[in-house]
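Here are a few friendly notes to read alongside the model.

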Amino acid sequence: MCTNIVYEWLKTLQLPQYAESFVDNGYDDLEVCKQIGDPDLDAIGVAVPHHRRRIHEAVRRLKEADERAAGLYFTLRLKL
C-alpha cells in the first residue's frame, strides 16, 4: 500500500482504493492531480460516476485553494 500525499488526499475523499492506480499512472503528487480530467479517470480506472464527481469536485477545490494562496502572496508582496 502506498502512503503518500495522494493516498492521504484520496483517503479524505473516502476513495483510497484508487491510490495505487493513481500512482501507477503518474499521479503521485497533488500538483499533477490538479490536471486530472475524464480521460485520466478512465485510465486510472475510476468508473463509478459518483466517485468521478467526488474527484472532480476535490480537484476544483485544490485549484481554488491555489488561486486564493496566490492572491494572498501577491497582496503580501505589494505591502512589503
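1. Tyr 27 counts as buried because its relative accessibility is 10%, where buried means under 20% relative accessible area, exposed over 50% and partly exposed in between (1.4 Å probe, protein chains only). This is a predicted model, in which local features need pLDDT of at least 70 and side-chain atom pairs count only at pLDDT 80 or more, while totals for chains, interfaces and linings use all residues. Residues are numbered from 1 along each chain as its sequence is written, and side-chain values use heavy atoms, leaving out hydrogens and water.

2. The whole structure holds 2 aromatic pairs (ring centres of Phe, Tyr or the six-membered ring of Trp within 6.5 Å; planes under 30 degrees apart are stacked, over 60 edge-to-face, the rest tilted). Trp 9 and Phe 22 pair edge-to-face, with centres 6.4 Å apart and planes at 70°. That pair joins helix 1 to helix 2 across 13 residues (helices are DSSP runs of H or I, at least four residues, numbered from the N terminus). Phe 22 and Tyr 27 are also edge-to-face, at 6.2 Å and 70°.

3. Which residues does Cys 33 touch, leaving aside neighbours within four places in sequence? They are Val 6, Trp 9, Phe 22, Tyr 27 and Val 59, contact meaning heavy atoms within 4.5 Å.

4. On confidence, the protein averages a pLDDT of 86 (the predictor's confidence in each residue, from 0 to 100).

Definitions and conventions. Helix = DSSP H or I, 4+ residues; strand = E, 2+ residues; numbered from the N terminus.
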